Every structure is written in structure tokens, then in C-alpha cells.
Amino acid sequence: FHTSMGRELVCDIKEKHARVPMVSGGARGLNFGDSYQLPDGQRLKLGPEVLQCGELLFDPKLFGLSDKGIHECIFDTINKCDIDIRRDLYYNIVLCGGSTFLGGLKQRLENELKTLMVQKNIK
């Protein structure tokens, strides 16, 4: 998929089939039955990659990257702010951009942030 048409196909597959697993490693052991019809009529069988693109946002280390996950970046950023406004910031997170349309992103982000808050004893 190195052409503009190929990139458009990848974006279409991502928009229609990709989602975020509710827990880390949620793609393991799942049976994927989805397929995608290519313009020439061939069917492309989809596998765990439809979850891996969403998992990358939360656990870049699984893919050889040293970056923090989106939930850790948000958590660290909010906790650098004045303590009096942190609660408002946690309740007013705005997601925007292409990957924010992945199914399950909002729920996974909420769960991961709640887990971090419990671990760090933040109320």
C-alpha cells in the first residue's frame, strides 16, 4: 500500500473496522471474521491488526517505541497543572482527530485514566 490509492484503502479499513481493545493485549485469542472487499472484488481477511492500531495509542512499547501511552501523557499533563483545576480537566477531556473515531477509544481512555488515578491515589 505505497500509492495514494493504497493509503486511501488503509484509511477506509481503519475507519470501518479498527477499534480499541478494552484491555491491554485484548487482541490475543480473538477470532477475527471480518473481511474487506477491495476495489477489484477480492476479499481481504482482517486479523488482529484491526485492534493493534488502537493498542498502539495506549502501549507503544509493544511496537518497539519508547513513548508513553496517550493515557499516561494526559495524566502527566493534567497533574502538572494547578491542583485546583485538575478535577475540571479530568472531566473535560476533548478527543479530536482521525484516530479518535476508533470504536472503544473513549471507554478505554476513561478506564486507563481511572486506573492511573487509583494507582497514584488521586481523588
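Tutor: Asp76 counts as partly exposed because its relative accessibility is 25%, where buried means under 20% relative accessible area, exposed over 50% and partly exposed in between (1.4 Å probe, protein chains only). The model is predicted, so local features need pLDDT of at least 70 and side-chain atom pairs count only at pLDDT 80 or more, while totals for chains, interfaces and linings use all residues. Residues are numbered from 1 along each chain as its sequence is written, and side-chain values use heavy atoms, with hydrogens and water left out.

Asp76 forms a salt bridge with Lys68 at 2.4 Å, N to O; a salt bridge here is a side-chain nitrogen of Lys or Arg within 4 Å of a carboxyl oxygen of Asp or Glu. Lys68 is likewise classed as partly exposed, because its relative accessibility is 47%. Five salt bridges are found in the whole structure. Another of them joins Lys16 to Asp12 at 3.2 Å, N to O. Because these two residues are four apart in helix H1 (residues 4-17), about one helical turn separates Lys16 from Asp12; helices are DSSP runs (H or I, at least four residues), numbered from the N terminus. Lys16, at 56% relative accessibility, is exposed.

Arg108 pairs with Glu55, with 2.9 Å between the closest N and O atoms. This bridge connects distant parts of the chain, since Arg108 belongs to helix H5 and Glu55 to helix H2, 53 residues apart. Arg108 and Glu55 are both buried, and together with Glu112 they are linked in a network of salt bridges.

The helix reached in this way is H5, whose buried residues are Leu105, Arg108, Leu109, Glu112, Leu113, Leu116 and Met117. Their cover includes H2, H3 and helix H4 (86-90). The 15 residues of H5 should span 21 Å at 1.5 Å a residue, and the end C-alpha atoms are 21 Å apart, which agrees; the expected span is 1.5 Å times one less than the number of residues. Just after H5, Asn121 has a positive phi of about 55 degrees.

The largest nonpolar core contains 13 residues, and Leu109 and Leu113 are among those with the most contacts inside it; such a core is a set of buried Ala, Val, Leu, Ile, Met, Phe, Trp, Tyr and Cys residues joined through side-chain atoms within 4.5 Å. Helices H3 (70-79) and H5 (105-119) are the elements that give two or more residues to this core, and H5 supplies the largest share, five residues. Beyond its neighbours within four places in sequence, Ile74 is in contact (heavy atoms within 4.5 Å) with Ile93, Leu109 and Leu113.
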